[in-house]
Every structure is written in structure tokens, then in C-alpha cells.
Amino acid sequence: RLSSANISMGTPPQQFPSMRCSSVVREVERMKENRERRRAWQSEQRKEKSALMNRDPGNPNWEVALMVRQYREQLVMKPLRSLSPRPLCVQQITVCVRKRPLNRREMNAKNVDIISIPNRDSLIVHELRHKVDLTKFLEHHKFRFDYTFDEDCSNTLVYECTARPLIQTMFEGGNATCFAYGQTGAGKTHTMGGEFYGKQQDCSTGIYAMATRDVFAELASPSYRELGAKITCSYFEIYGSKVYDLLAPGKPLLRVLEDGRQQVQVVGLTEMPVSDVQDVLHLIELGNRERTSGQTSANAKSSRSHAVFQIGLHKPDMWGTFGKCSFVDLAGNERGADTNSADRQTRIEGAEINKSLLALKECIRALSRQSSHLPFRGSKLTQVLRDSFIGGEHNKTCMIAMISPGLTSVEHTLNTLRYADRVKELVAKNDDGT
Ligand code: ADP
Ligand code: MG
């Protein structure tokens, strides 16, 4: 198996060592045969190269495309297409990766898809490297996660594997939390909020809406119908260390307070009662408008903030929430590198994003170790979500790391995957699945 392929694409057939005089004739014959085989092999390689060039003239990345294709030819592809059988028990921490398709702009620029997802839990990044003599070769980085979603997986399938199993947690009195992590443009908002059609977003196809639909279905089921429970929704944004209510027009700034018993409260946060999915879709749209309004460069700002959508379950005889589901569309992780920016404000924001993503990783790791040391005060994000990380096995967390498939995103992609890998370290499998 090739662990790296250089641009000569494989090894030419070997020559045999020369033998004694008596076998000279046979040896000459054999050398001739070898030479012919080598030539045939070289000519095949040349044909393949030129076929690729002809099919895609002027593609500056044709060598990478060819090397990736050759590597993929020897993979056994069995991608995830449905969640069957359903897992019997839900893990406390699930970490998954979703790769989006190359977009039109990337295809026009001849960007190459360098991510292979051969099956439901592994992923390979083919990184382009150069030897000292400048020959190109691929380095193959292998990762393993609970689930790996390729570009053909739908939002519904992603939801079924990630957030769907967490819904029950809230009915058992726990906190379920689902994070979308990754580089700006990798698909966090598409997955959480819903698919985009141009600038329009169809909120009914996002995880927020799908989860709400199942919460209402569960509430109407025989086991919970008699409970008389109510559902509320909140939607807020954490920008730097400020918290804004997305369901209150005018965006009042909210204060986060911690009382003597370490209970954290977002003071004055709207908890809107909802009675069906339509109500919720309406709120999500309202919140999304607030999130992007009044900004000169809408995307730039929303990529620097964390958006948190929460569904609360309230029992009639109980103050506060009985159980909660939180869905977090995190700030673009590449923004953490803005700490070198020339602009002071951007630098401060970058540092805050960095701090919050590091604190988040440590809090999830602490949850998995049932550790009593919870570094939630490290950032506003983890402070606000403190309830998600305490309370032992009652609480469940899922992280979906989003990645862009292109050659040009390789550095951010590797950063994202290494982060996700640290959140939950699973051992990578060999090619034969062991
Ligand atoms: P992020 O929120 O991570 O910055 P977006 O969700 O806004 O990224 O996605 C950027 C663009 O890529 C959007 O136009 C979105 O529609 C598209 N996109 C993202 N993920 C997918 C996917 N799985 N399939 C198709 N298009 C996608
Ligand atoms: Mg986004």
C-alpha cells in the first residue's frame, strides 16, 4: 500500500541482477522483457496524464487530482447512507465530522477535493507536500471519529446521527448540547440553521427545526402527554464577551451572573413559549434577521460570534427548566488566528474566540473524565453553557466539526480535525479496518 505517492506515480518494474555467462542469453531476453514492460508502464502513465490534461486543460492542480484519484482507487468505499442499525445506547460525547461539497467558485478555480471518507467513521486528508528536489507527493493524514459524513450526506442524516439521539436527555432532566465547529464557510450555519438557496435560508431543513419537531412529537407521546410540560425557546449571540438577545428587537445587551451556588444566569434572556414547530420557525427567522442586521459586512461579524439556540422543557410544578437542549453555531475557528491582525479590535476579538474554543475543548474533556475541575470561567461561552458540562452522565454533548474539501483549505481543515480529535481521542483504523 502506498503511504505516499510521488509524481512518478509508483515504482517501475525492477531489473534482475546479472548472472553468469552461461545464462547470458536468457538474461538478455529477460532484460529485454523488463524493458518492454517498463516502457509499456511508462507509456500508460503518460497516457493517463495526458488524458487528464485533455479532460481538464489548463488545470494547475492536475497532478494532485491524479494522485488523489489513484489513492482513492485502492480504497474500499462504504460511505454512511443511513443510520441502521440505530445505536442502542447514546454515548455521552459524540464527535463527528461533516465535509461539504466543493462549491461552484472552487470548481471554477480548479480546486481539488482532498478529503476521502471511505466509510462511516474514518477520514483521510491528502496533503500536498514537496520533497527537497521539489517533486510533489501526498501525505495522507488518517483520522477516526464517531461518524464521518461525506458531501452526499443530507442534513437529515447528520441530524439523525448527532442531535436526534440527544433529545431524550432533556426529557430525563438533563442538558443536551450540540456544537457546530469549523472554519467560516465550511457549513456550520447550513447544518444548524438550514439549507441556503442563494441568500435565502430554509430554516425547516436545519437541526434547530428538526430537533424542535422531535421535541413536540416526544411531548405528545403517551409517556409525556400527562406531564403538562411547556416548551420555550431562546436564541442569543455571544460576541466578544457580550451577550445579545436575538429574540428581543433592539438587541439589548444581557448580563451573565453567577450566584453564590455557582448557578449561572443570563439575566433577562427571552424564553419564548412555543406550542408548535411553526412558532419556532418564526422565532428562528426573527433571530437570524437580528443576527445579521445593522452590519456593513454581515458575514464577517456573524463569523466572529457564537449563536446559541435553546429549547427548554418546563414542568408546571417546577421553577426554571427541567431539561434543556442547546445548539451552538460557533464562531469560525480561523478567527482565533486574528490575534496577529493590524486592527486592535480584530485582535481582541480573535483572542476572545481563541480563548472560548480552548475553554470549550477543555470543558468537554472534563465532562468525559467526570472531572470536578471544570474550567468554565475561561470564557463567556463556557460560562453561559456551564450546565451542559456538569451533572455527570445526565448531560450529553455532540460536536460536529465542519470541513471544506478543497486543497486551499488544507491548513484550516487539519486544524479543525486535530481540535475535534482532542475533544475525543479515538484510535485511527488501518486500511483493512482493524
Ligand atoms: P459557515 O456557517 O460554517 O460559515 P455556511 O453554513 O454559511 O458556513 O456555508 C457556506 C456555504 O456553503 C453556504 O452557501 C452553504 O449553503 C454551503 N454549504 C455548506 N454546507 C453544505 C452542504 N453540506 N451541502 C451543500 N452546500 C453546503
Ligand atoms: Mg455561519
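This is a predicted model: local features need pLDDT of at least 70, side-chain atom pairs count only at pLDDT 80 or more; totals for chains, interfaces and linings use all residues.

Guide: Valine 97 stands opposite alanine 401 in strand S16. In strand S5, the bridge partner of valine 97 is threonine 148.

Strand S1 covers residues 93-99. With strand S16, residues 396-403, S1 pairs in the parallel sense over 7 bridges. With strand S5, residues 147-149, S1 again pairs in the parallel sense, over 3 bridges. As a general point, strands of a sheet pair through backbone hydrogen bonds, and the pairing may be parallel or antiparallel. In a regular strand, the side chains alternate between the two faces of the sheet.

Is S1 enclosed or open to the outside? A residue counts as buried when 20 or more other C-beta atoms lie within 10 Å of its own. Of the 7 residues of S1, 6 are buried, so the strand is largely enclosed by the rest of the structure. For the chain as a whole, buried residues make up 37% of the 434 residues.

Serine 116 has isoleucine 124 in S3 as its bridge partner.

Lysine 110 lies in the loop between helix H3 (104-108) and S2. Lysine 110 has a positive phi of about 60° although it is not a glycine. This lysine counts as partly exposed, because it has 15 C-beta neighbours inside 10 Å. Leucine 134 is in the loop between S3 and S4. Leucine 134 also is not a glycine, and its phi is positive at about 70°. Leucine 134 has 7 C-beta neighbours inside 10 Å and therefore counts as exposed.

Next comes the ligand. Ligand 1 is surrounded by 15 residues, and the closest are Arg100, Gly187, Lys188, Thr189 and His190. An unreviewed UniProt entry lists a "binding site" made up of Gly182, Gln183, Thr184, Gly185, Ala186, Gly187, Lys188 and Thr189.

Glutamine 183 sits in the loop between strand S6 (175-182) and H6. Glutamine 183 is buried, because 22 other C-beta atoms lie within 10 Å. Leaving aside residues up to four places away in sequence, glutamine 183 touches Gly332, Asn333, Glu334, Ser404, Ser409, His412 and Thr416. Glycine 185 is also in the loop between S6 and H6. Glycine 185 has 18 C-beta neighbours inside 10 Å, so it counts as partly exposed.

Helix H2, residues 62-73, has 12 residues, which at 1.5 Å a residue should span 16 Å. The end C-alpha atoms of H2 are 16 Å apart, which agrees. The buried residues of H2 are Val64, Leu66, Met67, Val68 and Tyr71. Helix H7, residues 207-219, has 13 residues and reaches 18 Å from its first C-alpha to its last, close to the 18 Å expected. Among the buried residues of H7 are Ile207, Tyr208, Ala209 and Val215.

Last, the chain as a whole. The chain has 14 helices and 16 strands. Its C-alpha atoms fill a box of roughly 100 × 50 × 40 Å, taken along the principal axes. Among contacts between residues at least 6 apart in sequence, 67% join residues at least 24 apart. The pairing of S1, residues 93-99, with S16, residues 396-403, brings together two parts of the chain by 7 bridges.

Note on methods
Residues are numbered from 1 along each chain as its sequence is written. Chains are lettered from A and ligands numbered from 1 in the order in which they are written. A residue is near a molecule or strand if its C-beta atom, placed from the backbone, lies within 6 Å of it. UniProt positions are given in the numbering used here, feature names are shortened, and annotations may be inferred rather than shown by experiment. Helices (H or I, at least four residues) and strands (E, at least two) are DSSP runs, numbered from the N terminus. A residue is buried if 20 or more other C-beta atoms lie within 10 Å of its own, exposed if 12 or fewer, and partly exposed in between; C-beta atoms are placed from the backbone. Two residues are in contact if their C-beta atoms, placed from the backbone, lie within 7 Å. The expected span of a helix is 1.5 Å times one less than its number of residues. Two strands pair if DSSP finds at least two bridges between them.
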